[in-house]
Amino acid sequence: MKNSREQWGSRLGFILAASGSAVGLGNIWKYPHMAGQNGGAAFTVVYLLCILIVGLPILLGELAIGRKTQLSPVGAFNKLSNLSNWKWVGFLGVASAFVILSFYGVVGGWTLKYTLFALSGGFDSLSGSPDLSGQIFSEFIGSSLQPIFWQLIFMSFCMGIIIKGVKSGIEGGAKIMMPLILIILGLLVFKGLSLEGGKKGLEFLFKPKFSDLNPSSIVMALGHAFFTLSLGMGTMITYGSYLDEKQNLFTSAIWIILLDTFIAMLAGTAIFTIVFAMGADPSAGAGLIFVVLPTIFPQIGGGAVWGTLFFFILFMAALTSAISILEVITAYFIDEKGWSRNKATLLFGGIISLVGVFCSLSLGEFNITALLNISFFDFLDELSSKYMLPIGGALTALFILSKWSVKTFLVELLIGIKELKIEKSLLISILQILLIVSSLVVGLIIINELFDLLFNQSLQKMAGF
Ligand code: PHE
């Protein structure tokens with residue numbers, strides 16, 4: 001079975017595919033407004049610390065577990081724990097993938113619709129009118145047929161790539177889309193900086209305002225570090241399972257983190273330079289992208305082209321992430337149930353699309369979680385990013401600490417590293433400390449969230465912040 005398993009074609013291909021998973025809506029849509037509203041560079045510093053302290057060890061852990069076992073999460077945990085209950089961490093990953101892709105596919109559809117909307121010159125009528133733009137956006141996402149149509153097209157792209165397999169599908173797609181995202185974002189940054197007043201956007205995003213940083217922004221930075229690196233649901237275990245033993249996991253992980261962070265910063269720069277140059281409202285939050293940007297693109301020279309390019313990279317970033325989510329599910333059915341790639345992809349891609357239909361409808365008239373006072377869309381989003389991913393990540397760290405052992409983890413990490421400049425025992429201690437800190441910190445966030453949910457009282461509020 002091991003010999004027939006597909007492998008990445010090249011190291012560059014793997015790094016592009018894994019960073020394609022990491023770079024997604026989280027980088028272009030979420031990071032810029034979170035940083036803008038939570039202290040600019042002060043938030044970015046905390047976010048980077050979270051990435052290095054919590055993200056890096058878990059990313060390394062997932063890649064090592066995948067490569068060692070050459071299996072997707074359920075099989076991987078099963079193999080390394082001698083068929084014990086740890087396999088449930090793998091199942092949690094498969095379940096998270098199911099939950100995330102259901103709403104991620106809906107937003108993926110919006111990015112497609114907005115790319116074509118921009119291309120057809122549709123933004124022109126929204127120029128300078130955020131109210132009208134907001135109304136058009138809410139009417140679109142709240143209507144029943146249109147967003148579902150786009151969601152299904154997005155999901156078809158996603159299934160089409162996964163059916164083609166690891167090398168020609170996932171890797172081939174990432175090799176085209178990732179460079180395109182980098183080049184187009186570079187052009188957008190250049191355009192933004194050349195606009196008069198654009199540099200004020202840089203100040204907004206990068207000048208540290210420590211007074212705007214509060215405990216809840218720190219919690220937010222931590223949660224986002226997880227989401228943006230695609231951690232906690234076995235994506236990186238699955239991608240790591242297609243690696244051979246020549247790869248240096250450490251440098252690969254650093255590349256993934258650098259590309260992910262760099263693209264988030266580029267996106268922030270492009271967005272805020274344009275927003276400031278045009279005098280739009282930078283604190284529009286989550287609506288910044290779909291509501292505010294369409295009103296200001298028509299005001300800059302060549303606006304239709306820039307608007308189209310912007311939504312096109314958002315679409316590509318969403319797609320390279322969505323395929324990594326679907327691959328977790330597909331790989332489970334191939335590895336554990338012996339299904340063919342076609343059958344697993346079509347059946348589960350289809351079921352997820354169907355759940356996605358209910359997500360989309362929940363933003364309009366038909367909401368199956370109405371009794372909980374939350375849209376089904378938000379319910380799945382919160383369930384996964386606030387609970388499932390952090391719990392999965394913390395359990396992965398605990399698994400390495402208590403079952404697999406940091407020593408064996410290090411042995412796997414050192415394969416592919418030619419010369420080691422640091423004492424092995426010191427490395428073991430560092431890894432141990434980082435994994436303990438990661439699981440504690442994540443545990444704390446989850447308890448905090450649960451407190452907030454159950455008693456409407458978060459720990460930081462109780463501590464008097
Ligand atoms: N990292 C992706 C983003 O930033 C989201 C994602 C989460 C992808 C979990 C895969 C797994 O949008």
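Biologist: Is Ser405 buried, partly exposed or exposed?
Modeller: The relative accessible area of Ser405 is 26%, computed on a predicted model. Buried would require under 20% and exposed over 50%. The value for Ser405 falls in between, so this residue is partly exposed.

Biologist: Where is Ser405 placed, and what is its phi?
Modeller: Ser405 sits in the loop between α16 and α17, the latter spanning residues 406-414. Its backbone has a positive phi although the residue is not glycine. The phi of Ser405 is near 80°.

Biologist: Is Ser230 buried or exposed?
Modeller: Ser230 belongs to the loop between α10 and α11 (235-240). Ser230, a residue other than glycine, has a positive phi, near 55°. Its relative accessibility is 10%, and because the limit for that class is under 20%, Ser230 counts as buried.

Biologist: How many cavities of 30 Å³ or more are there, and what is the volume of the largest cavity?
Modeller: Empty space is located by rolling a probe the size of a water molecule over the atoms. The count of cavities of 30 Å³ or more is four. The largest cavity has a volume of about 140 Å³.

Biologist: Which residues are closest to the centre of the largest cavity, and which elements give two or more residues to its lining?
Modeller: The lining of the largest cavity is made up of 15 residues, and the closest to the centre are Ser21, Tyr104, Phe227, Ser230 and Ile325. The elements that give two or more residues to this lining are α1 (11-22), α2 (25-37), α5 (87-119) and α14 (303-337).

Biologist: Which element gives the largest share of the lining of the second largest cavity?
Modeller: The second largest cavity holds about 80 Å³ of space. Among the residues lining it are Leu25, Gly26, Trp29 and Lys30, together with Phe377 and Asp381. Two or more residues come from each of α2, α5 and α16 (376-404). The largest share, four residues, is that of α2.

Biologist: How many charged residues are in the lining of the second largest cavity?
Modeller: Lys and Asp count as charged, and Lys30 and Asp381 are in the lining of the second largest cavity. The division there is seven nonpolar, one polar and, for the charged residues, two.

Biologist: Which residues are closest to the ligand?
Modeller: A total of 15 residues surround the ligand. A backbone N or O atom of Gly26 is 2.9 Å from a ligand oxygen atom, and a polar backbone atom of Phe227 is 2.8 Å from a ligand nitrogen atom. The closest residues are Ala22, Leu25, Gly26, Tyr104 and Phe227.

Biologist: How far from a nitrogen atom of the ligand is a backbone N or O atom of Thr228?
Modeller: Thr228 lies in helix α10 (residues 215-228). The residue counts as buried because its relative accessibility is 1%. The distance from its backbone N or O atom to the ligand nitrogen atom is 3.2 Å.

Biologist: Which residues are in contact with Thr228, leaving aside its neighbours within four places in sequence?
Modeller: Thr228 and Ser321 are 93 residues apart in sequence, with 9.8 Å between their C-alpha atoms. Beyond the sequence neighbours within four places, the contacts of Thr228 are Ala22, Asn27, Tyr47, Ile51 and Asp260.

Note on methods
Residues numbered from 1 in each chain as written. Predicted model: local features only at pLDDT ≥ 70, side-chain atom pairs only at ≥ 80, totals over all residues. Heavy atoms only, no water. 1 Å grid on protein atoms, 1.4 Å probe; cavity = no way out; pocket = protein on both sides within 12 Å on 5 of 7 lines; lining within 4 Å. Points joined across faces, edges and corners; volume = space filled by probe spheres on them. Buried < 20%, exposed > 50% of the residue type's maximum accessible area, 1.4 Å probe, protein only. Contact = heavy atoms within 4.5 Å. Near = heavy atom within 4 Å. Polar contact = N/O pair within 3.5 Å; in protein donor to acceptor, adjacent residues only side chain to side chain.
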